[in-house]
Amino acid sequence: MEGQIRTEVLKTVPYGFYITGVIGANGEANGFTTCWVSQVSFEPQQVVVAVRKDQHTHDLMESGGVFSLNFLSTDQEELARKFTEPLDNDAGTVGGSAYTTGEATGAPLFDEAFAHLECRIVNKMEAGDHTVYLGEVASAALKRPADILTDLDTPMDYGG
Ligand SMILES: Cc1cc2nc3c(=O)[nH]c(=O)nc-3n(C[C@H](O)[C@H](O)[C@H](O)COP(=O)(O)O)c2cc1C
């Protein structure tokens, strides 16, 4: 009973939606929908992202040491949904989504995002079934004005 309430309360925490871009030490680029993200330092500017340990993209994040956060807008629910599935890197796209290679980190930057951050991993912490990566912001771009997609805009959820 109390467990159910814990789950319900945890589900009320609001999140923005991003595609985390990763590139493994072997050069494989990929990405996945992520909402467990937060800024945690002003100086230097640092963010955390929690990545489930049993995901393929966790291995790429672990070996590559970098990631990008690609910000999704309120009209991009379908894109967010696509990146919750394992996707192949095919002809310079991830699941058909084009990307360029970040100059600061080499992490993939997805064209469809309205903004992105490139981050270098400077620390990490075990968190049960996830690893929390601390990333230092190395570069940023704002490509168009937009509002970020959040879990308040869609029935998609992660948490509890
Ligand atoms: C709304 C939503 C948010 C998600 N947020 C996260 C997250 O913050 N961290 C994470 O590791 N997985 C998250 N996921 C799960 C991944 O997007 C999903 O497991 C993806 O398939 C992982 O890619 P991979 O299988 O290629 O490694 C989320 C899924 C959904 C539906």
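Predicted model: local features only at pLDDT ≥ 70, side-chain atom pairs only at ≥ 80, totals over all residues.
Residues are numbered from 1 along each chain as its sequence is written. Helices (H or I, at least four residues) and strands (E, at least two) are DSSP runs, numbered from the N terminus. Two strands are said to pair if DSSP finds at least two bridges between them.

**The sheet of seven strands**

- Seven strands make up an open sheet with antiparallel pairing, in the order β2-β1-β5-β10-β11-β4-β3.
- At its edges stand β2 and β3 (37-41), each with a single partner strand, so one side of each has no neighbour in the sheet.
- On average, and with direction ignored, neighbouring strands of this sheet are turned by 35° against each other; axes are lines fitted to C-alpha atoms, for helices over the stretch in contact, and angles run from 0 to 180 degrees between N-to-C directions.
- Helix α2 packs on the sheet, where it touches β1, β2, β4, β5 and β11, and its direction makes about 55° with that of β1. Contact here means that the C-beta atoms of two residues, placed from the backbone, lie within 7 Å.

- β1 and β5 run antiparallel and are joined by four bridges; I19 has N70 of β5 as its bridge partner.
- β5 is also joined to β10 by six bridges, again in an antiparallel arrangement. F71 has A115 of β10 as its bridge partner, and V66 stands opposite R120.

**The pair β10 and β11**

- Strand β11 (residues 130-142) pairs with β10 in the antiparallel sense over 12 bridges.
- A115 is bridged to L142 of β11, while A127 stands opposite H130.
- The hairpin of these strands has two residues between them, and G128 takes a positive phi near 60° there.

**The sheet of four strands**

- Another open sheet has the order β6-β7-β8-β9, with antiparallel pairing.
- Its edge strands, β6 (89-90) and β9 (108-110), each pair on one side only.
- Three bridges link β8 (residues 97-101) to β9 in the antiparallel sense, and Y99 has F110 of β9 as its bridge partner.

**The largest nonpolar core**

- This core holds 31 residues, of which I19, F67 and L72 touch the most other members. A nonpolar core is a set of buried Ala, Val, Leu, Ile, Met, Phe, Trp, Tyr and Cys residues joined through C-beta atoms within 7 Å.
- At least two core residues come from each of β1 (18-23), β2 (29-34), β4 (46-52), α2 (56-64), β5 (66-71), α3 (77-82), β9 and β10 (115-127).
- Leaving aside residues up to four places away in sequence, F67 touches T20, G21, V22, V49, M61, A107, C119, I121, Y133 and G135.

**The shell around the ligand**

- The ligand is surrounded by 18 residues, the closest being F32, W36, Q55, T57 and Y158. A residue is near a molecule if its C-beta atom, placed from the backbone, lies within 6 Å of it.
- β2, β4 and α2 are the elements that give two or more residues to this shell, and β2 gives the most, with four residues.
- By type, the shell divides into eight nonpolar, seven polar and three charged residues. Ala, Val, Leu, Ile, Met, Phe, Trp, Tyr, Cys and Pro count as nonpolar, Asp, Glu, Lys and Arg as charged, and the others, Gly among them, as polar.

**Backbone features in loops**

- E43 and P44 are joined by a cis peptide bond with omega of about 0°; P44 lies in the loop between β3 and β4.
- A91 is not a glycine, yet its phi is positive, at about 50°. The loop that holds A91 lies between β6 and β7 (93-94).

Note on methods
Buried ≥ 20, exposed ≤ 12 C-beta atoms within 10 Å, placed from the backbone.
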